[in-house]
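Colleague: I'm new to reading protein models, and I'd like to go through one with you. Could we take it feature by feature?

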Amino acid sequence: MEDLIRASLDHCIKCTICETVCPVAQVTPLFPGPKYEGPQAERFRLPSGSADASVDYCSGCGLCTQVCPQGVKIAEINSRARAHFKAQKGVSVRDRILARPGLTGRLGTPVAPLANRVMANGTARRLMEKAVGVHHAAPVPVYAGHSFQRWARHHERHASPRLDGRSVVYFHGCSVNWFEPDLGRMVVAVLEHNGVEVKMPRQDCCGLPLQSNGLFDAARRALGRLARDLSAGSAGHAVVASSTSCGVMLKREGREILGLDDDETLRAVGARTFDVCEYLLDLHGQGLLDTGFRPLPLTVIYHAACQQRGHSMGTPALELLRLVPELEVIRSEADCCGMAGTYGLKKEKYDIGMAVGERLFEQVRRVGPDAVACDGETCRWQITKATGRASVHPVELLFRAYGLEL
Ligand code: SF4
Ligand code: SF4
């Protein structure tokens with residue numbers, strides 16, 4: 001099969017539009033920009049890979065690919081070049097750890113109080129920065145101490161929601177499973193409130209952090225396994241994701257970047273995967289969404305995470321939030337918060353990530369909203385750490401506006 005990602009570089013007309021949106025190139029001379037690092041450099045790379053270290057400064061935000069008028073898959077070219085670079089230079093212990101949130105979630109959950117205390121301790125974080133290279137000030141998630149899956153098993157046995165014939169499979173991802181199980185419960189509650197049966201098969205990581213840290217073989221195994229797990233529990237139902245980055249990985253990104261086009265199960269599951277807000281807005285379009293929201297007299301900034309844009313679905317969260325009476329929703333003026341998955345956690349990239357996010361942080365400081373709504377988990381952690389403001393998934397606001405309780 002033709003490699004469409006590599007073939008796309010021949011369509012570059014050097015218009016430099018991608019250069020104008022790259023948030024990383026705008027704040028550091030260490031990254032030469034998408035046009036140079038993408039199509040221009042790729043022409044001269046060996047098939048086995050001969051990228052230089054600058055490619056590792058691409059955050060993988062994907063904004064360049066989204067704006068390229070010629071359809072050049074710039075971010076995807078960079079992702080592959082980074083994997084070749086890391087294969088030659090070696091992947092650090094830190095990157096191997098950050099690439100496995102499922103494993104760290106599993107190990108940290110039984111000792112959650114201790115793990116959370118250590119991660120909140122400044123001295124421990126500075127030691128950790130020295131030892132493994134995770135920046136001491138970077139936002140790290142808080143272990144919930146129990147998994148979403150444990151709640152899901154209990155819910156399936158004991159709950160009897162009012163349903164009206166539609167079913168979805170919930171792809172909750174690692175973050176909900178280990179760090180934000182209450183968000184998963186809110187997603188389930190909002191779907192069930194609208195008469196949708198929610199199936200929650202056992203599942204693990206989509207492989208996105210493995211892919212973005214250059215561990216392609218492990219990422220392929222993870223994504224293939226996830227597709228089979230969701231497929232076995234789905235019987236052709238829609239798959240609904242509450243993490244936009246993991247959702248887009250399952251929809252198309254993993255298949256494209258990892259070269260898994262021949263995986264029929266992955267293709268089929270990806271074709272029926274929806275972001276949760278995309279799914280709810282679709283229900284609304286069919287007249288099936290309960291719009292009897294209570295007033296929420298709050299001001300929120302809605303920030304569309306960069307990987308949310310990779311869905312090419314517009315901003316369904318924004319449209320849904322605008323249905324809630326008295327909820328003032330202000331759109332973020334920034335393209336990226338600077339976190340980009342695990343990028344902003346890394347010692348050598350932390351300052352770049354903070355500089356990238358400054359436009360958003362400044363807006364939050366200026367507006368002083370009650371909260372920031374954002375679909376991406378690591379973005380939420382970054383926004384709260386940088387601004388001190390609460391950040392929530394948009395579904396949490398819908399949950400509150402329905403008057404639901406956990
Ligand atoms: S936007 Fe696309 S066509 Fe224009 S320079 Fe960048 S890669 Fe080339
Ligand atoms: S993916 Fe983001 S950081 Fe990387 S080149 Fe494109 S716009 Fe720049």
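Modeller: Take Arg106, which has its place in helix α7 (residues 101-108). Keep in mind that this is a predicted model, where local features need pLDDT of at least 70, side-chain atom pairs count only at pLDDT 80 or more, and totals for chains, interfaces and linings use all residues. Residues are numbered from 1 along each chain as its sequence is written, while chains are lettered from A and ligands numbered from 1 in the order in which they are written.

Colleague: Is Arg106 exposed or buried, or partly exposed?

Modeller: You count neighbours: a residue is buried if 20 or more other C-beta atoms lie within 10 Å of its own, exposed if 12 or fewer, and partly exposed in between, with C-beta atoms placed from the backbone. Arg106 has 15 other C-beta atoms within 10 Å, so it is partly exposed. As for distances, Arg106 and Arg400 are 294 residues apart in sequence and 30 Å apart in space, C-alpha to C-alpha.

Colleague: How do I read a helix such as α15 (residues 244-258)?

Modeller: Start with the general idea: an α-helix has 3.6 residues a turn, so residues three or four places apart point the same way. Next, compare the real span with the expected one, which is 1.5 Å times one less than the number of residues. Helix α15 has 15 residues, yet its end C-alpha atoms are only 18 Å apart, short of the 21 Å that a straight helix would reach.

Colleague: Where is the kink in α15 centred?

Modeller: On Leu250, with a kink of about 65°. The bend at a residue is the angle between axes fitted to the seven residues ending there and the seven starting there. Leu250 is also one of the buried residues of α15, and Cys246, Met249 and Ile257 are among the others. Because 12 of its 15 residues are buried, α15 is largely enclosed by the rest of the structure. After α15 comes Gly259, with a positive phi near 65°.

Colleague: Now sheets. In what order do the four strands of the open sheet stand?

Modeller: In general, strands of a sheet pair through backbone hydrogen bonds, either parallel or antiparallel. Two strands pair if DSSP finds at least two bridges between them. Here the order is β2-β1-β3-β4, and the pairing is parallel. β2 (196-199) and β4 (273-275) stand at the edges with a single partner strand each, so one side of each has no neighbour in the sheet. From one strand to the next, the twist averages 40°, where axes are lines fitted to C-alpha atoms, for helices over the stretch in contact, and angles run from 0 to 180 degrees between N-to-C directions. Three bridges join β3 (residues 238-241) to β4, and Val240 has Phe274 as its bridge partner in β4.

Colleague: What does β7 (residues 371-374) pair with?

Modeller: β7 pairs with β5 (residues 298-303) in the parallel sense over four bridges, and two bridges join β7 to β8 (residues 391-392), again parallel. Val372 is the bridge partner of Ile301, and Val372 also stands opposite Ser391 in β8. Ala371 and Ala373 point one way from β7 and Val372 and Cys374 the other way, and all are buried.

Colleague: Last one: which residues come nearest to ligand 1?

Modeller: A residue is near a molecule or strand if its C-beta atom, placed from the backbone, lies within 6 Å of it. Of the 15 residues around ligand 1, Cys12, Cys15, Cys18, Cys68 and Val72 come nearest. Helix α3 gives the most to the shell, with four residues.
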